[in-house]
Amino acid sequence: MTLAIMSALLDEQRGLLERLDKPQRVKRAGRTFWCGQWAGQDVVLVLTKVGKVAAATTTTVLMEVFDVKSVLFTGVAGGVGCGVQVGDVVVADAFIQHDLNSAPLFPRYEIPLYGRATFDCDPRLSALLLEAAQRGLAGVGDHCHRDLPLASPQVHRGLIASGDQFVCDPVAAALMRADLQAAGHEPLAVEMEGAAVAQVCHDYGVPFAAMRTISDRADAQAHLDFSAFVTQVASPYALAVVSQFIQLRSGK
Ligand code: SAH
(Lines give C-alpha, C1' and ligand atoms only; values in the text may rest on other atoms or scores of the structure.)
Protein backbone atom coordinates (compact mmCIF):
# COMPACT_ATOMS: atom_id res chain seq x y z
CA MET A 1 0.00 0.00 0.00
CA THR A 2 2.74 2.44 -0.98
CA LEU A 3 1.99 6.13 -0.41
CA ALA A 4 3.67 8.62 -2.76
CA ILE A 5 4.43 12.06 -1.34
CA MET A 6 5.12 14.57 -4.08
CA SER A 7 6.65 18.04 -3.71
CA ALA A 8 7.53 20.55 -6.42
CA LEU A 9 10.72 22.00 -4.94
CA LEU A 10 13.74 20.56 -3.14
CA ASP A 11 13.28 22.88 -0.17
CA GLU A 12 9.72 21.61 0.20
CA GLN A 13 10.95 18.01 0.25
CA ARG A 14 14.04 18.28 2.46
CA GLY A 15 12.31 17.94 5.85
CA LEU A 16 10.26 14.98 4.62
CA LEU A 17 13.36 13.20 3.36
CA GLU A 18 14.99 13.46 6.79
CA ARG A 19 12.09 11.47 8.25
CA LEU A 20 12.40 8.56 5.84
CA ASP A 21 13.71 5.30 7.38
CA LYS A 22 16.00 3.09 5.26
CA PRO A 23 15.91 5.46 2.28
CA GLN A 24 16.79 3.93 -1.06
CA ARG A 25 17.38 6.01 -4.13
CA VAL A 26 15.94 4.94 -7.48
CA LYS A 27 16.52 7.02 -10.60
CA ARG A 28 14.06 7.08 -13.52
CA ALA A 29 13.37 9.62 -16.27
CA GLY A 30 15.83 12.08 -14.76
CA ARG A 31 13.98 12.03 -11.46
CA THR A 32 15.12 10.72 -8.08
CA PHE A 33 12.59 8.60 -6.21
CA TRP A 34 13.29 7.97 -2.52
CA CYS A 35 11.73 4.73 -1.32
CA GLY A 36 11.61 3.96 2.37
CA GLN A 37 9.42 3.70 5.43
CA TRP A 38 7.73 6.31 7.58
CA ALA A 39 6.20 5.07 10.83
CA GLY A 40 6.24 1.56 9.36
CA GLN A 41 4.44 2.55 6.14
CA ASP A 42 5.91 2.16 2.67
CA VAL A 43 6.48 5.61 1.23
CA VAL A 44 8.08 7.01 -1.91
CA LEU A 45 9.12 10.68 -2.00
CA VAL A 46 9.65 12.50 -5.26
CA LEU A 47 9.97 15.98 -6.72
CA THR A 48 7.44 16.61 -9.48
CA LYS A 49 9.69 19.34 -10.91
CA VAL A 50 7.86 22.52 -11.91
CA GLY A 51 5.00 22.81 -14.40
CA LYS A 52 2.24 20.53 -15.67
CA VAL A 53 4.21 18.42 -18.16
CA ALA A 54 7.01 17.70 -15.69
CA ALA A 55 4.46 16.83 -13.00
CA ALA A 56 2.56 14.50 -15.36
CA THR A 57 5.75 12.65 -16.30
CA THR A 58 6.73 12.20 -12.66
CA THR A 59 3.26 10.93 -11.73
CA THR A 60 3.20 8.48 -14.64
CA VAL A 61 6.55 7.00 -13.60
CA LEU A 62 5.22 6.66 -10.04
CA MET A 63 2.27 4.68 -11.33
CA GLU A 64 4.19 2.46 -13.74
CA VAL A 65 7.28 1.71 -11.66
CA PHE A 66 6.37 2.03 -7.96
CA ASP A 67 2.90 0.49 -7.71
CA VAL A 68 1.65 3.45 -5.73
CA LYS A 69 -1.76 3.07 -4.07
CA SER A 70 -2.32 6.69 -3.00
CA VAL A 71 -0.75 10.05 -3.75
CA LEU A 72 -0.30 13.07 -1.51
CA PHE A 73 1.01 16.41 -2.76
CA THR A 74 2.42 19.16 -0.54
CA GLY A 75 3.68 22.47 -1.88
CA VAL A 76 3.13 26.22 -2.07
CA ALA A 77 0.70 28.33 -4.10
CA GLY A 78 -0.52 31.86 -4.68
CA GLY A 79 -3.72 32.77 -2.86
CA VAL A 80 -6.45 34.13 -5.15
CA GLY A 81 -9.63 33.43 -3.16
CA CYS A 82 -11.15 35.99 -0.76
CA GLY A 83 -9.58 35.67 2.67
CA VAL A 84 -6.90 33.21 1.53
CA GLN A 85 -3.85 34.81 3.13
CA VAL A 86 -0.12 34.21 3.07
CA GLY A 87 0.59 31.48 5.64
CA ASP A 88 -2.84 29.84 5.24
CA VAL A 89 -3.23 26.32 3.89
CA VAL A 90 -5.58 25.13 1.16
CA VAL A 91 -6.61 21.48 1.05
CA ALA A 92 -7.81 20.81 -2.50
CA ASP A 93 -11.28 19.51 -3.30
CA ALA A 94 -10.60 19.57 -7.04
CA PHE A 95 -8.21 20.93 -9.69
CA ILE A 96 -8.66 22.83 -12.95
CA GLN A 97 -6.21 24.03 -15.63
CA HIS A 98 -6.67 27.80 -15.83
CA ASP A 99 -4.65 28.00 -19.06
CA LEU A 100 -6.53 25.31 -20.99
CA ASN A 101 -8.72 26.75 -23.73
CA SER A 102 -9.85 24.77 -26.78
CA ALA A 103 -12.85 27.06 -27.49
CA PRO A 104 -14.76 27.12 -29.72
CA LEU A 105 -14.19 23.39 -30.27
CA PHE A 106 -14.84 22.65 -26.58
CA PRO A 107 -16.17 24.79 -23.73
CA ARG A 108 -13.46 26.88 -22.11
CA TYR A 109 -11.41 24.89 -19.53
CA GLU A 110 -12.84 21.54 -20.67
CA ILE A 111 -10.14 18.95 -21.26
CA PRO A 112 -10.73 17.70 -24.81
CA LEU A 113 -12.02 14.11 -24.94
CA TYR A 114 -12.48 13.89 -21.16
CA GLY A 115 -15.78 15.79 -21.18
CA ARG A 116 -14.82 17.65 -18.00
CA ALA A 117 -12.84 20.61 -16.73
CA THR A 118 -12.09 19.54 -13.17
CA PHE A 119 -10.75 16.46 -11.42
CA ASP A 120 -11.95 15.85 -7.89
CA CYS A 121 -9.56 14.77 -5.20
CA ASP A 122 -10.34 11.57 -3.34
CA PRO A 123 -12.92 12.47 -0.65
CA ARG A 124 -11.67 9.99 1.97
CA LEU A 125 -7.99 10.85 1.56
CA SER A 126 -8.80 14.58 1.48
CA ALA A 127 -10.87 14.34 4.67
CA LEU A 128 -7.87 12.67 6.32
CA LEU A 129 -5.59 15.43 4.98
CA LEU A 130 -7.93 18.15 6.25
CA GLU A 131 -7.89 16.64 9.72
CA ALA A 132 -4.10 16.23 9.54
CA ALA A 133 -3.76 19.90 8.53
CA GLN A 134 -5.94 21.07 11.40
CA ARG A 135 -4.06 18.95 13.94
CA GLY A 136 -0.59 19.54 12.47
CA LEU A 137 -0.90 23.31 12.17
CA ALA A 138 -2.25 23.66 15.70
CA GLY A 139 1.20 22.60 16.87
CA VAL A 140 3.59 24.42 14.53
CA GLY A 141 4.13 27.49 16.71
CA ASP A 142 4.60 31.04 15.46
CA HIS A 143 6.28 31.80 12.16
CA CYS A 144 7.32 35.11 10.67
CA HIS A 145 7.36 36.28 7.08
CA ARG A 146 9.02 39.55 6.03
CA ASP A 147 9.53 40.15 9.76
CA LEU A 148 5.77 40.09 10.35
CA PRO A 149 4.25 37.37 12.49
CA LEU A 150 1.84 35.18 10.53
CA ALA A 151 -1.61 34.86 12.03
CA SER A 152 -2.48 31.33 13.10
CA PRO A 153 -2.94 29.54 9.78
CA GLN A 154 -6.46 29.10 8.48
CA VAL A 155 -7.18 25.87 6.66
CA HIS A 156 -9.39 26.36 3.59
CA ARG A 157 -10.90 23.72 1.37
CA GLY A 158 -11.75 24.18 -2.31
CA LEU A 159 -10.68 24.41 -5.93
CA ILE A 160 -7.05 24.96 -6.96
CA ALA A 161 -6.16 26.22 -10.45
CA SER A 162 -2.95 25.08 -12.18
CA GLY A 163 -1.18 26.52 -15.21
CA ASP A 164 2.26 26.94 -16.72
CA GLN A 165 2.77 30.45 -15.34
CA PHE A 166 4.07 31.88 -12.12
CA VAL A 167 1.28 34.42 -11.52
CA CYS A 168 2.77 37.61 -10.11
CA ASP A 169 0.54 40.35 -11.45
CA PRO A 170 -2.62 41.44 -9.63
CA VAL A 171 -4.38 42.28 -12.91
CA ALA A 172 -3.57 38.89 -14.44
CA ALA A 173 -4.63 37.14 -11.21
CA ALA A 174 -7.95 39.04 -11.08
CA LEU A 175 -8.65 38.29 -14.75
CA MET A 176 -7.87 34.61 -14.32
CA ARG A 177 -10.21 34.46 -11.32
CA ALA A 178 -13.01 36.38 -13.07
CA ASP A 179 -12.80 34.14 -16.17
CA LEU A 180 -12.95 31.00 -14.02
CA GLN A 181 -15.87 32.42 -12.03
CA ALA A 182 -17.73 33.25 -15.26
CA ALA A 183 -17.48 29.54 -16.12
CA GLY A 184 -18.74 28.56 -12.66
CA HIS A 185 -15.41 27.83 -10.97
CA GLU A 186 -14.25 29.53 -7.77
CA PRO A 187 -10.46 29.11 -7.33
CA LEU A 188 -8.84 29.58 -3.93
CA ALA A 189 -5.24 29.24 -5.07
CA VAL A 190 -3.04 29.09 -8.15
CA GLU A 191 0.02 26.90 -8.76
CA MET A 192 1.75 24.98 -11.53
CA GLU A 193 1.43 21.21 -11.06
CA GLY A 194 -1.65 19.95 -9.21
CA ALA A 195 -4.11 19.59 -12.10
CA ALA A 196 -1.60 17.47 -14.02
CA VAL A 197 -1.05 15.15 -11.05
CA ALA A 198 -4.83 14.93 -10.52
CA GLN A 199 -5.40 14.00 -14.17
CA VAL A 200 -2.79 11.22 -14.19
CA CYS A 201 -4.12 9.85 -10.87
CA HIS A 202 -7.60 9.87 -12.42
CA ASP A 203 -6.31 7.98 -15.48
CA TYR A 204 -4.81 5.28 -13.25
CA GLY A 205 -7.69 5.23 -10.75
CA VAL A 206 -5.38 6.07 -7.84
CA PRO A 207 -6.69 8.27 -4.98
CA PHE A 208 -5.08 11.69 -4.71
CA ALA A 209 -5.09 14.48 -2.10
CA ALA A 210 -3.20 17.77 -2.05
CA MET A 211 -2.38 20.68 0.21
CA ARG A 212 -0.73 23.98 -0.60
CA THR A 213 0.64 26.55 1.83
CA ILE A 214 -0.06 30.05 0.53
CA SER A 215 3.33 31.66 -0.17
CA ASP A 216 2.05 34.80 -1.93
CA ARG A 217 -1.05 36.55 -3.25
CA ALA A 218 -0.10 36.08 -6.95
CA ASP A 219 0.75 39.80 -7.08
CA ALA A 220 3.85 41.89 -7.76
CA GLN A 221 5.40 40.79 -4.44
CA ALA A 222 4.88 37.11 -5.19
CA HIS A 223 8.51 36.31 -5.98
CA LEU A 224 10.02 38.30 -3.09
CA ASP A 225 11.35 36.10 -0.29
CA PHE A 226 9.82 33.12 -2.07
CA SER A 227 12.67 30.74 -1.18
CA ALA A 228 12.84 32.00 2.39
CA PHE A 229 9.11 31.41 2.79
CA VAL A 230 9.41 27.86 1.45
CA THR A 231 12.25 27.04 3.83
CA GLN A 232 11.04 28.85 6.92
CA VAL A 233 7.28 28.36 6.74
CA ALA A 234 6.01 25.94 4.08
CA SER A 235 8.50 23.17 4.85
CA PRO A 236 7.78 22.97 8.59
CA TYR A 237 4.04 23.13 7.81
CA ALA A 238 4.35 20.28 5.31
CA LEU A 239 6.33 18.17 7.77
CA ALA A 240 3.79 18.75 10.55
CA VAL A 241 0.82 17.92 8.32
CA VAL A 242 2.39 14.87 6.66
CA SER A 243 3.41 13.45 10.06
CA GLN A 244 -0.19 13.74 11.25
CA PHE A 245 -1.49 12.34 7.97
CA ILE A 246 0.66 9.23 8.26
CA GLN A 247 -0.42 8.73 11.86
CA LEU A 248 -4.09 9.09 10.93
CA ARG A 249 -3.66 6.82 7.91
CA SER A 250 -2.30 4.04 10.11
CA GLY A 251 -5.35 4.46 12.36
CA LYS A 252 -3.35 5.64 15.41
N1 SAH B 1 12.07 29.62 -7.39
C2 SAH B 1 11.92 28.24 -7.78
C3 SAH B 1 10.85 28.07 -8.81
C4 SAH B 1 9.53 28.30 -8.22
S5 SAH B 1 8.27 28.09 -9.36
C6 SAH B 1 13.21 27.73 -8.33
O7 SAH B 1 14.02 28.54 -8.72
O8 SAH B 1 13.40 26.52 -8.36
C9 SAH B 1 6.91 28.32 -8.31
C10 SAH B 1 6.46 27.13 -7.54
O11 SAH B 1 5.57 27.56 -6.53
C12 SAH B 1 5.68 26.13 -8.37
O13 SAH B 1 5.90 24.86 -7.87
C14 SAH B 1 4.23 26.58 -8.19
O15 SAH B 1 3.37 25.46 -8.12
C16 SAH B 1 4.21 27.34 -6.87
N17 SAH B 1 3.61 28.69 -6.82
C18 SAH B 1 3.68 29.49 -5.72
N19 SAH B 1 3.10 30.68 -5.95
C20 SAH B 1 2.65 30.66 -7.24
C21 SAH B 1 2.02 31.63 -8.06
N22 SAH B 1 1.73 32.85 -7.62
N23 SAH B 1 1.73 31.30 -9.35
C24 SAH B 1 2.05 30.06 -9.81
N25 SAH B 1 2.68 29.10 -9.07
C26 SAH B 1 2.99 29.39 -7.79
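**Reading the ligand site and the cavity**

Author: Gladly! Keep in mind that this is a predicted model.

Reader: Which backbone atoms lie by a nitrogen or an oxygen atom of the ligand?

Author: A backbone N or O atom of V167 lies 2.9 Å from a ligand nitrogen. For M192, a backbone N or O atom is 3.0 Å from an oxygen atom of the ligand.

Reader: How many residues surround the ligand?

Author: There are 16, and the closest are V167, M192, E193, R212 and D216. By type, this shell divides into 9 nonpolar, 3 polar and 4 charged residues. Strands β5 (68–79), β11 (187–191) and β12 (208–216) each supply at least two residues of the shell. As for its place in the protein, the ligand sits in the largest pocket.

Reader: And how do I read empty space?

Author: Rolling a probe the size of a water molecule over the atoms shows where empty space is left. Here, a search of the whole structure finds 1 cavity of 30 Å³ or more, and about 40 Å³ of space lies in the largest cavity.

Reader: What lines the largest cavity?

Author: Its lining consists of E12, T74, G75, T213, A234, S235 and A238. Helix α6 (226–249) gives the most, with 3 residues. The lining residues divide into 2 nonpolar, 4 polar and 1 charged.

Definitions and conventions. Residues are numbered from 1 along each chain as its sequence is written. This is a predicted model: local features need pLDDT of at least 70, side-chain atom pairs count only at pLDDT 80 or more; totals for chains, interfaces and linings use all residues. Side-chain values use heavy atoms; hydrogens and water are left out. A residue is near a molecule or strand if one of its heavy atoms lies within 4 Å of it. A polar contact is a pair of N or O atoms within 3.5 Å; within protein, one must be able to donate a hydrogen and the other to accept it, and residues adjacent in sequence count only if both atoms are side-chain atoms. On a 1 Å grid over the protein atoms alone, a cavity is a set of points where a 1.4 Å probe fits but cannot get out, and a pocket is an open set with protein on both sides within 12 Å along at least five of seven lines; lining residues have an atom within 4 Å of a point. A molecule sits in a cavity or pocket if more than half of its atoms lie within 2 Å of its grid points. Helices (H or I, at least four residues) and strands (E, at least two) are DSSP runs, numbered from the N terminus. Ala, Val, Leu, Ile, Met, Phe, Trp, Tyr, Cys and Pro count as nonpolar, Asp, Glu, Lys and Arg as charged, and the others, Gly among them, as polar. Grid points are joined across faces, edges and corners, and a volume is the space filled by probe spheres set on the points.
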